[in-house]
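Please open the structure in your viewer and keep the selection panel at hand. The tour below moves from one selection to the next and says what is to be found at each stop.

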Amino acid sequence: MENLEMLLMGFSVVLTFQNVMVTMLGAVLGLVVGAMPGIGSLAGVALLLPLTYKFNPTTAIIMLGALYYSNMYGGSFSAILLNIPGDSPAVMTALDGYPMATKRNRPGQALFTSNLSSFIGGFIGMVILTFMGPALAELGLKFGPAEMTSLLLVAMTSIGWLVGESPTKGVILTLVGILLATMGMDTLTGSPRYDFGNMYLLGGIPFIPFVIGAVGFSQVLKLMTERNKKVDVNLTQKLTIKGSMLTLHDVRRLVPPAIRSGFMGTFVGVLPGAGATTGAFLGYAAQKAFKSEKPLGSGAIEGIASCESANNAAAAGSFAPLLALGIPGSGTGAVLLGGLMMWGLNPGPLLFSSNPDFAWGLIASLFLANLLTLFISLGVIPFLIKILTVPVRILIPIITVVCVVGSYSTSNSMYGVIIMFLSGLFGYVLDRNGYGVAPMLLSFVLAPLLESNMRKAFIISNGGLGIFVDKPISAFLLLILLAIVVTPVVKFILRKVGTRKQ
Amino acid sequence: MQLKKVTSQMVIPVVTAVIAALFIYLGITKYGFWHELRGPLPGFFPTLIGVALLALSFIAFLGSFKEEKTTYPIESWYPALGVIAIMLATLVIGMIPSLALFVILWLKWYEKYSWKTTLIGLAVIMAIVIGAFVMWLGVPFPKGIIYNWIAY
Amino acid sequence: MRKIALVLALVLLASVSVFANGTAEAAGGAEKSFVPTRNVDWYVTSSPGGGSDIFTRTITDIAVKEDLINGKNFVIQYKTDGAGEVGRLLVSNIKAGVQADHTLLTFNSGDLMPMVKNTSNRFQNFQPIAHMAVDKHLIFIGESSKYTSAEEIIDALKHGERLVLGGSKGDDIACHAALIKELGITQDQLSYIAHDATSGAITAILGGHFDLLISKPAAASQYVEAGKLTPVLALSTSRFPGNLSGAPTLSELGYKNVEVPNWRSVVAPKNMSAAAVSYWSNVMKQVSETEAWQKGYIEKQKLVPDFMDTDTYRAYGMKFQADYLESIGKSE
């Protein structure tokens, strides 16, 4: 109960007029920044850092915390409405969000689902953070290179669940994604790899322009054939807050995956370097193991709920190592940490004891930001979905401009635009030939983590394989992996045997 | 056996196979595969993945003969041409004027919208680009050589 | 004829003297009177929020607050493409003129090492402005370590024990290389695991996944205070102050000191005019003398203040580059 008291104290810090206003401002800015493709939470927090210099540290971090947090909401907006993921976790949201908004004609409900599950996931994450933060951070430390390798192997294998109708094609793109990700600098040796003598490739292929191109720009090329389609009259009637409401049945579909993903996402967020994307992905993949009313990928509420809840929970979870140990779980966390140091605070294992009002104030502000962002984002739904009433013929040049501007802004260079353009063309050709690009994007994110952890583990073990089974957590994860791989095979054989007997 | 026309379904696995071969070749010859004590070297992981990709590309190539020929509607490439034009124009007149010009030309000339619709569309997109990206987030968009001549 | 010759000669003389005067005035005038006439582009080749960014923002904040740059402002340009190489090449290639005089680049030893290792760009392609500070390294052990001191560790290594050292990229790797060379052991006796950032290495050693950690003082200090890390060896010519003073230098253990300083500096395009160079060098000197710099940056980041003007820094940088190239077998 001590933690609850501390949290209440945190609320007494936060609930001043100025801090509530600042939280609100952070939430709005975060939503806007998150909704803009190309400007992820990292760039958003970094760009707005100077704005906070005028405040005292507690107020400043409250604003940044709110901004970081609400970013996770914003990323899904453009994913659902335009099929352009605003940030990397939103790749998963687009899988079901865009079909739900367009094919099922339920854009309001899709956004509503995303916001409500974000809220649920975030809330679960924050409650866990409040009561078990330091303990959870310690547990995260147990995940060394060997454990992370096994976990990521599980994650990579479950990409197999996303490949859809043509398994061969899906796996091919998964592997292409891995190879593309190996280009650039090899961290472990500090030497370039597959850079083909090109200076830009030394830094590898930047992810955000890659996603904007492969998903967003290729979408524009596809839309060209649907230019003359009339806007659905039914749709225009639905575009009010009333028409965006979820039915009771929808809510029943939404809550169980959101809660499951909330717990899982929090845990993934705590792990070193795993981040919100891995969280969102595992949340979505796990949903495959449970029943969904509509098949995942066709606009299922369960799909949106599972990944949105997981990614917000992971964002909350990543505050556990940040606050308890001073370890940033992500690039954005590192910027927040840099901000803390500039204000004269020393983040690290002593933060809770040396600056309790600050640490607990930040946690309390996350609760507040979560609630405020939910209200704000629900309020803007009716305005946002108006986008869908704009004729496709007008949307095409506008989305094209957004793709160019967004991909330029990630690294302020034309290189991003070129990558966006090329991956757009490839994405389009692949899509026409029945290759879905989602597995490629996910393996692109996960493979570098897998490779570096695996190689680190081998350095520690002196090249031996024993390290993966000697460590209990790793061995347990490998058992899960075995189950994932073996189950379909066994099922297949049983089915064969069954048919033969008949 | 009946000779079939080359389709893009056949080309894609060939391309991925070439990529795989390239990554395997460089992985083994240039970046190193395995070290007795240090374990996997930089070429290890890409080489393994490359081998798997090579095998699957082969399977996909065989499968591609059964598939229908894919068509590519010509108008789908127009936005791509637009982006190329934007990139080239950016070098000369800078990115923001290029984007504005693109939106005007597209809506007015290609889609034949009225000036009113065109200008509203332009105003909306410019409000997003200039208001959010330039003024608020301070993204330094390229200004092109003409600006640089005048400025210096 | 003579008249014409005389007139010609006079005209010539006059024009020469006017020309000479003019150039002298132009040169002399610029020498004394360069001031920024527009906002200054300051390039940073790593992500916002990192060490280089904090360094740059601290300087720009102080320079603007102290009104050192003629009421103009700094615009920080992040150029992270190609692991920063694109931005460095861009700055080194800027042609003489207004742009060159209004461009600065944050340049650290952690930038120089990959640059000369992986590209053909060199230190001499830049105009050194000022060397600001130096960061050095220590070796730490975790809570659960079976060793308690550097002596025990070196002893174990000498007796064939195999240990793993974790740290960040760049200068940390160079430190490891210099250390094993001095101890006379191989890379496989003391293996190195490079992480993207020191925080990743700290996470791993807190979890007990390897034996030793190399880090700069600022990143590890909090953990020392909390008793989670213990400094065992200072890779410096003298011991560190404060809670890190327990770690001896290598010379105290009978070896030569190993020191691969991570320096932080400011450079400019090679084509910056001499007047602008002396102007900017002077601005950096004034910044380095403010209290905001000494207390708010150097002390907090646990750095060693080490201001060098243009010429001293040029000599230092060239030697550093030559030494580094030699150590990786690429001497020129």
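Which domains does the domain assignment of chain C give? Bear in mind throughout that this is a predicted model. For chain C, the assignment gives domain 1, made of residues 37-134 together with 262-327, and domain 2, made of residues 137-253. If you colour these two domains separately, you can follow how their C-alpha centres lie 29 Å apart, while eight residues of domain 1 of chain C are in contact with eight residues of domain 2 of chain C. On the domain 1 side of this meeting place, H5(C) gives the most, with four residues, and by class that side has two nonpolar, five polar and one charged residues.

Stay in chain C and select helix H3, residues 85-92. Is this helix largely enclosed or open? Six of its eight residues are buried, so helix H3 of chain C is largely enclosed by the rest of the structure.

Of the 502 residues of chain A, 64% count as buried, and among its contacts with a separation of 6 or more, 79% are between residues 24 or more positions apart.

The largest nonpolar core is the next stop, and within its 280 residues Val401(A) and Leu441(A) touch the most other members. Helix H4 of chain A, residues 57-82, provides the largest share of this core, with 16 residues. Centre the view on Leu441(A), and, leaving aside residues up to four places away in sequence, you will find that Leu441(A) touches Val91(A), Gly177(A), Val211(A) and Ala214(A).

Now show chain B beside chain A. How many residues of chain A are in contact with chain B? There are 47 of them, and they meet 55 residues of chain B. On the chain A side, the elements that give two or more residues are helix H8 (167-182), helix H9 (207-223), helix H18 (392-411), helix H19 (414-432) and helix H20 (438-460), with H18(A) giving the most, at 11 residues. The residues of this side of chain A divide into 30 nonpolar, 10 polar and seven charged.

Finish with chain B by itself, which is divided into domain 1 (8-64) and domain 2 (75-151); taken over C-alpha atoms, 41 Å separate the centres of these two domains of chain B. An unreviewed UniProt entry has the annotation "domain: DUF1468" covering residues 12-142 of chain B, a span that is 73% helix and 3% strand, with its end C-alpha atoms 35 Å apart. UniProt, again in an unreviewed entry, also places the feature "transmembrane region" at residues 12-33, 45-65, 77-107 and 119-139 of chain B. Select residues 45-65 of chain B to see a span that is 95% helix and 0% strand, with end C-alpha atoms 31 Å apart, and then residues 119-139 of chain B, where the span is 86% helix and 0% strand and the end C-alpha atoms lie 24 Å apart.

Conventions
Residues numbered from 1 in each chain as written. Chains lettered and ligands numbered in written order. Predicted model: local features only at pLDDT ≥ 70, side-chain atom pairs only at ≥ 80, totals over all residues. Contact = placed C-beta atoms within 7 Å. Nonpolar A, V, L, I, M, F, W, Y, C, P; charged D, E, K, R; others polar. Buried ≥ 20, exposed ≤ 12 C-beta atoms within 10 Å, placed from the backbone. Core = buried A, V, L, I, M, F, W, Y, C linked by C-beta atoms within 7 Å. Domains from an automatic or database assignment. UniProt positions renumbered as here; feature names shortened; annotations may be inferred.
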